Each structure stands twice: as C-alpha cells, then as structure tokens.
Amino acid sequence: MSITAQSFGATREGTPVTLFRLENPSGAYVQVLDYGAILQAVAVPDREGRLRDVCLGFDTPAEYQEKHEGYLGALVGRCANRIRGARFQLGGRPHALAANQPPNHLHGGNRGFDQYLWDHRIEGDSLVLTRLSPAGEEGYPGALQTQVRYTFGPDNALLLEFQAVSDADTVVNLTSHAYWNLNGHGAGDVGGHTLSIDAIAFTELGEDNCPTGTLVSVVGTPFDLRSPRALSDGWNADHPQIRQGGGYDHNWALRGSGLREAAVLHAPESGITLALSTTQPGLQVYTANFLPESTGKGGAVYGRRRGVALEAQGFPNAVNQPEFPSTVLKAGETYHQEILFAFTHD
C-alpha cells in the first residue's frame, strides 16, 4: 500500500486543497480530498482487468463548492438526511436548525461537513481526517470532534471508520454520499445495474419526503430487493412511494447488527460488483432522481440517474421519531460506525 499527497488547487477563497491517493499493489486506487473529506475517485478493475473510475466527482475544489447540491463524494454531517421542520428537542430543550431544504434540514445544513477543510494525518495504511465542529454550528448543540479513517486494502475493499465525541448531548449521523456508476463515472444511466438489499421493510415517506414513522413491508412492492433487481425496474414502477421520491430516495431498515453485508450492486456490462457492509441500521438509496446536469471529471456528463448513492446511515429524522434507532450522542460517549465498500468482478 502507498499513500501519496499532491496539490488539488485551491478553493474560491484561496485555501489550498490536498488530494491523497491510496493505491494498492495491483494499481487500483482511491482518491480523497482534505476539503470535505470528499471521496474523489475510486478506480478498480473490470472483468477484463482494466481500471475503471466508478465514483462520480469533479476536477477542482471550485466545482465541489459551486455544485455542492449534489453532494458528490461528500462526507455528510453533522446529521445526514432530513430532519423534519429543521427542529428537534433534546433534553427538553428545542433546537432550531438551518432549513436548507425548506421546510426541512438536509445533510448538515447550509454549510455541512463537506464544505470545510479537514485536518489530516497518515497512520500506517490509513488516511485519517479530523475536524472540530463548534457548538451551535448550523444550530446543533455541543462541540463535536469528528474523525473519519479511510483504508484501502489489497483486496480492493475501502473501509470508512467514523468516530465522534461531543461535550454535550447532540445528534450525529455520518455517512458517505458517493455516487456509483460501476461502468465508469461517465458511462451514463445506471438503470441496468442490479441491486439487492438485506431488508424486509423500508421507511415510508410523507409528502415532505421525511419518514412518516411507519415501517412498510417490501413484499410485493418495488422495494423488495431481497433478490437482485434492475434499478430501472424499480424507478419505472407505478407505486405511490416511487412517485413521491421521483424514483428510489428511501431508507431501508437493514436486518442484523454489527458489521454485516447489507447490499450488493452489480453492473453486467463491466462485470464489477460492489458489496456494501455496514454497522449502521439503515441504507438510504438515492438514484440521482434530481441530480442537476453538470460536467464532471474529465468532461464527463453527469445528471439524473447517472449514478446511485448507497448511504449507510441512521434513519432519516430519527431524532423526531422515538421508535427509530436513536441518532443521539450523549456527552462524553463515542460515536463509532463503519462502512465497507468491497469491489470484485466476475
């Protein structure tokens, strides 16, 4: 394993940005920025042994700033996904957050974790990125010390380990918002990809795209992915929840606990398979239903349904749904979650 660093230019404000390349002995590699702890590239072999970069991204920091509404490759925090009404109560006290997707709070607010420069260090075969989110940032209580560790192994498996500690009770829900196209980041529509998820229920969306609090059985619906199903079969289905989300933009309630395999994404064209394992209770699948058309790495054209985000995380709006697994982090306790992206080919 080797980890190298190089300049990735500067933000619009002139702050230098560094790109770290984690490369294994086979030549497969992962690239991560200290800006936003962003996953900028993942190049793995297809069935012919040729490397394909399967992660959507941009070539400059300015593009990540200007086009951040898609959250390409972002490390999302302090709280991923939606919080209804941009408010919650904790310890009997109300907290108002930025309503950056009115009326809701989304992915950390007006300036989430993906829009800050992180401190960095290299520990062995891992890149470790850290930042201190001060108390009151985007309305959240408590000063939160956050760490994410990126490790890319010789078996083409990328492990993300998240840790956080707060000096006051707060809400934490961290994830990676990488978009995957296993035929190559600029290869167009991902409708031919198949996806399976180890879940028998999903969280129903209300009209505001926040969960209603009801867990719905996947049986007999487009959300039954216990066996592999083409993404286009799902997003073209005539189902009220598909219409509500514009496709898949839903959280599956994963079975089991601990680090376990939760989902498998496969591209028949390239032969590349991504197996996702996680310690998280939920998996948000977003088929880029509203991803704005833009120019990505190397002039690639991105847009609607040209990637799929697999966001292992706590349930959306969990802080306002006491029946959901809690996303509250108590003062002095340690938040720890893991996501493993394992790449193989047939």
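Biologist: Where does His-107 lie in this predicted model, and why does His-107 count as buried?

Modeller: His-107 sits in the loop between S10 and strand S11 (119-123). Buried means under 20% relative accessible area, and His-107 has 6% relative accessibility, so this residue counts as buried.

Biologist: What is the phi of His-107?

Modeller: Phi of His-107 is near 50°, which is a positive value in a residue other than glycine. Most residues other than glycine have a negative phi.

Biologist: Which residues are joined by cis peptide bonds, with omega about 5°?

Modeller: A cis peptide bond joins Gly-77 and Arg-78, with omega about 5°, and Arg-78 belongs to the loop between strand S6 (74-76) and strand S7 (82-83). Another cis bond, again with omega about 5°, joins Pro-102 and Pro-103, where Pro-103 is placed in the loop between strand S9 (93-96) and strand S10 (105-106). Most peptide bonds are trans.

Biologist: Turning to the chain as a whole, how do you know that its radius of gyration agrees with that of a compact globule?

Modeller: For 346 residues a compact globule would have a radius of gyration near 20 Å, and the chain has 19 Å, so the two agree. Of the 346 residues, 61% count as buried, and the chain holds three helices and 30 strands.

Definitions and conventions: Residues numbered from 1 in each chain as written. Predicted model: local features only at pLDDT ≥ 70, side-chain atom pairs only at ≥ 80, totals over all residues. Heavy atoms only, no water. Helix = DSSP H or I, 4+ residues; strand = E, 2+ residues; numbered from the N terminus. Rg over C-alpha atoms; globule rule 2.2 N^0.38 Å. Buried < 20%, exposed > 50% of the residue type's maximum accessible area, 1.4 Å probe, protein only.
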